[in-house]
Amino acid sequence: MKKKTHEPKGIDEGVLFEAIKDNMSPHAVAAIAAYLDTATSTVGCNNPTVSSQVAWFAQGLRELVGGDEAFNRLCDELGL
């Protein structure tokens, strides 16, 4: 089941994700997304807006590395 996500207001996601892409390796991006996924699924958060925004960011990072298949491959290579 896909998590409900909520894009933060007033953000230019193109600029945000382009900066990440220009400055981080795909492996680093995948690792961040994996840890964010863990934070929202196992640890949880008592603020649904925050959880939604973190899930939105993690999904954007997964898309940045090429989608779920590429994300899973990168995580496997990292042992995550």
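In the predicted model described here, Arg62 lies over the face of Phe71, at 5.8 Å from the ring centre, where a charge is taken to sit over a ring if NZ of Lys or CZ of Arg is within 6 Å of the ring centre and within 35 degrees of the ring normal. Because the model is predicted, local features need pLDDT of at least 70 and side-chain atom pairs count only at pLDDT 80 or more, while totals for chains, interfaces and linings use all residues. Residues are numbered from 1 along each chain as its sequence is written, and side-chain values use heavy atoms, with hydrogens and water left out.

In one of them, Asp37 is paired with Arg62, and the closest N and O atoms are 2.6 Å apart. Asp37 belongs to helix 2 (residues 26-43) and Arg62 to helix 3 (residues 48-64), so this pair ties together parts that are 25 residues apart in sequence; helices are DSSP runs (H or I, at least four residues), numbered from the N terminus. Arg62 is buried, its relative accessible area being 12%, where buried means under 20% relative accessible area, exposed over 50%, and partly exposed in between, with a 1.4 Å probe and protein chains only. The side chain of Arg62 meets that of Asp68 in a further salt bridge, at 3.5 Å from N to O, and Asp68 is partly exposed, with a relative accessible area of 47%.

Another salt bridge joins the side chains of Arg73 and Glu77 at 3.0 Å, N to O. Both of these residues lie in helix 4, four residues apart, or about one turn of the helix. An α-helix has 3.6 residues a turn, so residues three or four places apart point the same way. Arg73 counts as partly exposed at 45% relative accessibility, and Glu77 likewise counts as partly exposed, at 47%. Through salt bridges that share partners, Asp37, Arg62 and Asp68 are joined into one network.

Aromatic rings were examined next, with rings of Phe, Tyr and Trp (its six-membered ring) counted as a pair if their centres lie within 6.5 Å, and with planes under 30 degrees apart called stacked, over 60 edge-to-face and the rest tilted. By this rule there are two aromatic pairs. Phe17 and Phe57 form a stacked pair, with 5.8 Å from centre to centre and 25° between the planes. This pair links distant parts of the chain, since Phe17 is in helix 1 (residues 13-23) and Phe57 in helix 3, 40 residues apart. Phe17 is buried, at a relative accessible area of 9%, whereas Phe57 is partly exposed, at 23%. Together with Trp56, these two residues, Phe17 and Phe57, form one aromatic cluster.

Helix 3 has 17 residues, which at 1.5 Å a residue should span 24 Å, and its end C-alpha atoms are 24 Å apart, in agreement with that value; the expected span is 1.5 Å times one less than the number of residues. The buried residues of helix 3 include Ser51, Ser52, Ala55, Gln59 and Gly60. Helix 3 is followed by Gly66, which has a positive phi, near 115°.

The largest nonpolar core has twelve residues in all, among them Phe17, Trp56, Phe71 and Cys75; a nonpolar core is a set of buried Ala, Val, Leu, Ile, Met, Phe, Trp, Tyr and Cys residues joined through side-chain atoms within 4.5 Å. Helix 1, helix 2, helix 3 and helix 4 each supply at least two residues of this core, and the largest share, four residues, comes from helix 2.

Not counting residues up to four places away in sequence, Cys75 touches Ala30, Ala34 and Leu80, where contact means heavy atoms within 4.5 Å. With neighbours within four places in sequence again left aside, Ala34 is in contact with Phe71, Cys75 and Leu80. The C-alpha atom of Cys75 is separated by 9.6 Å from that of Ala28, 47 residues apart along the chain. Ala70 is also placed in helix 4 and counts as buried at 13% relative accessibility. Ala70 and Pro26 are 44 residues apart in sequence, while their C-alpha atoms are 9.4 Å apart in space.

Terms used: Salt bridge = Lys/Arg side-chain N within 4 Å of Asp/Glu carboxyl O.
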